[in-house]
Amino acid sequence: MGKKRTTIVLFSGDYDKAMAAYIIANGAAAYDHEVTIFHTFWGINALRKEEPVEVKKGFLEKMFAKMMPRGAENLGLSKMQMLGIGPKMIKHVMEKHNALTLTQLIEMAQEQDIKLVTCTMTMDLLGLQKEELLDGIEYAGVAAYLADAEEGTVNLFI
Amino acid sequence: MGKKRTTIVLFSGDYDKAMAAYIIANGAAAYDHEVTIFHTFWGINALRKEEPVEVKKGFLEKMFAKMMPRGAENLGLSKMQMLGIGPKMIKHVMEKHNALTLTQLIEMAQEQDIKLVTCTMTMDLLGLQKEELLDGIEYAGVAAYLADAEEGTVNLFI
Amino acid sequence: MGKKRTTIVLFSGDYDKAMAAYIIANGAAAYDHEVTIFHTFWGINALRKEEPVEVKKGFLEKMFAKMMPRGAENLGLSKMQMLGIGPKMIKHVMEKHNALTLTQLIEMAQEQDIKLVTCTMTMDLLGLQKEELLDGIEYAGVAAYLADAEEGTVNLFI
């Protein structure tokens with residue numbers, strides 16, 4: 001059998017899907033898996049800093065940066081978005097149940113040494129720059145993803 | 001090589017995605033895989049009883065219970081929902097081709113001893129209670145999911 | 001450990017998700033994986049020929065054929081569709097960065113002998129016929145998918 005290793009591609013930029021990814025990742029790390037979350041496409045938005053960062057960009061890149069949510073707590077839901085009421089309701093019940101927010105789940109992942117990787121191809125494409133993302137993130141491409149994925153058995157695309 | 005084991009996280013509450021999950025699961029069981037479907041977030045709606053169940057709930061929990069579809073045949077589509085016409089069209093062609101409905105696929109899964117698990121964390125969060133779900137469902141958390149997933153190689157997040 | 005094998009179920013009919021599937025698939029093939037992409041449900045639309053093909057169909061089948069996008073470059077986005085502006089923006093930045101289009105990624109997959117399979121059950125259901133899809137596609141069901149998937153460790157549902 002392969003090593004205990006969990007490798008997740010986080011493609012989605014939805015709050016609920018990112019939560020699911022980070023809950024599984026943190027769980028796996030707690031059970032001694034080596035864990036990687038490879039953020040690609042909209043999944044990168046979860047790692048953006050909330051405050052705008054001054055970087056030089058072309059016109060389209062500025063548009064993308066403006067239209068995409070900045071940071072974990074600004075993501076929408078995959079279901080029941082309801083013009084923004086859904087996320088508020090979900091966060092309200094999460095608080096009531098002392099559930100960890102996505103921001104806290106990301107912090108926990110970093111404390112548990114989960115490897116957080118961002119796809120360099122998407123960074124190029126959407127014109128995102130490293131200064132705009134959280135600290136402690138690695139940058140790599142599909143080859144690095146596969147090197148991790150092929151060594152384990154729990155491979156998910158979220 | 002690992003055991004023949006298929007473990008599916010069903011996160012989605014869409015009829016078409018749930019169908020895909022149950023078709024793969026039933027296929028795998030027919031080919032001697034041990035199969036688990038771990039229902040989390042909106043994926044739990046596929047297991048709700050169609051008729052409303054009288055349980056005590058707070059205000060937000062009642063709201064969620066009301067807004068989320070009750071049972072397999074009330075789920076929407078991930079594409080071509082078209083204000084409810086899409087699901088009717090799909091079900092019409094399914095009937096014409098004698099394809100199994102999601103309800104029938106779930107029954108078949110239970111007959112084939114596929115382990116149907118519901119995520120206790122989501123149950124808490126959305127205020128769902130066991131009386132509201134089908135009989136014969138197991139209740140567990142991410143640790144139980146990982147214990148199944150790490151023993152097999154076919155791991156999917158749907 | 002299992003063979004180096006990557007097996008992807010492409011369920012989604014979104015341009016960005018199909019791109020992610022084909023980028024991972026082409027990467028895996030370059031690193032000596034045996035790769036299969038199993039197209040099911042809306043994922044089949046990526047393989048449709050762009051020009052309409054004359055085939056005999058019933059009414060509902062004609063409706064589906066008309067409403068679903070014909071071919072890779074006519075797919076929408078999973079996010080930021082924005083009434084069709086999103087896909088144009090994305091394609092504009094892709095061109096600027098010399099990124100491969102989905103059409104080119106599919107051609108590369110065929111050159112790398114990636115097995116492109118289409119789900120026969122979905123073909124029946126949506127009334128699609130082989131003449132309407134690209135050449136060089138295989139047709140199979142869930143049993144063939146599982147036979148590939150259970151021999152490898154990188155299994156994704158996209």
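In the predicted model, 31 residues of chain B are in contact with 29 residues of chain C, contact being defined as heavy atoms within 4.5 Å. The model is a prediction, in which local features need pLDDT of at least 70 and side-chain atom pairs count only at pLDDT 80 or more, whereas totals for chains, interfaces and linings use all residues. Residues are numbered from 1 along each chain as its sequence is written, chains are lettered from A and ligands numbered from 1 in the order in which they are written, and side-chain values use heavy atoms, with hydrogens and water left out.

The size of an interface is often given as the accessible area lost when the parts come together. Between chain B and chain C, about 2600 Å² is buried, and 76% of this area lies on carbon and sulfur atoms; buried area is the accessible area (1.4 Å probe) that two parts lose on being put together, summed over both. Three salt bridges are counted between chain B and chain C, a salt bridge being a side-chain nitrogen of Lys or Arg within 4 Å of a carboxyl oxygen of Asp or Glu. A salt bridge joins the side chains of B:Lys96 and C:Glu61, with an N to O distance of 2.8 Å.

B:Ala99 also has a contact with chain C. Apart from its neighbours within four places in sequence, B:Ala99 is in contact with B:Met94, B:Gln104 and C:Leu125. B:Ala99 is located in the loop between helix H3 (85-96) and helix H4 (102-111) of chain B; helices (H or I, at least four residues) and strands (E, at least two) are DSSP runs, numbered from the N terminus. The relative accessibility of B:Ala99 is 23%, and the residue therefore counts as partly exposed. In this classification, buried means under 20% relative accessible area, exposed over 50%, and partly exposed in between (1.4 Å probe, protein chains only).

The arrangement of the chains was examined by superposition, carried out by least squares on the C-alpha atoms of residues with pLDDT of at least 70 in both copies. Chain B is superposed on chain A by a rotation of 120 degrees with 0.0 Å of shift along its axis (RMSD 0.0 Å). The two copies are thus related as by a three-fold rotation axis. Different surfaces are used by these copies, as 18% of the contact residues of chain B recur in chain A. For chain B on chain C, the superposition likewise involves a rotation of 120 degrees with 0.0 Å of shift along its axis (RMSD 0.0 Å). Here, too, the copies use different surfaces, and 19% of the contact residues of chain B recur in chain C.

Within chain A, strand S1 (residues 5-10) pairs with S2(A) in the parallel sense over six bridges, two strands being paired if DSSP finds at least two bridges between them. From S1(A) the chain crosses through helix H1 (residues 15-30) of chain A to S2(A), in a right-handed β-α-β crossover; right-handed denotes that, with the strands pointing away from the viewer, the path from the first strand over the helix to the second runs clockwise. The bridge partners in S2(A) include A:Glu34 for A:Arg5 and A:Phe38 for A:Val9. S1(A) is also joined by four bridges to strand S5 (residues 154-157) of chain A, and the two run parallel. In S5(A), A:Asn155 is the bridge partner of A:Thr7.

Six of the six residues of S1(A) are buried, so this strand is largely enclosed by the rest of the structure. In a regular strand the side chains alternate between the two faces of the sheet. In S1(A), A:Arg5, A:Thr7 and A:Val9 point one way, A:Thr6, A:Ile8 and A:Leu10 point the other way, and all are buried. Strand S2 (residues 34-39) of chain A is mostly covered, with five of its six residues buried. S2(A) pairs in the parallel sense with strand S3 (residues 115-119) of chain A over four bridges, and A:Ile37 stands opposite A:Leu116 in S3(A).

A:Asn98, although not a glycine, has a positive phi of about 55 degrees. A:Asn98 lies in the loop between helix H3 (85-96) and helix H4 (102-111) of chain A and, at 68% relative accessibility, counts as exposed.
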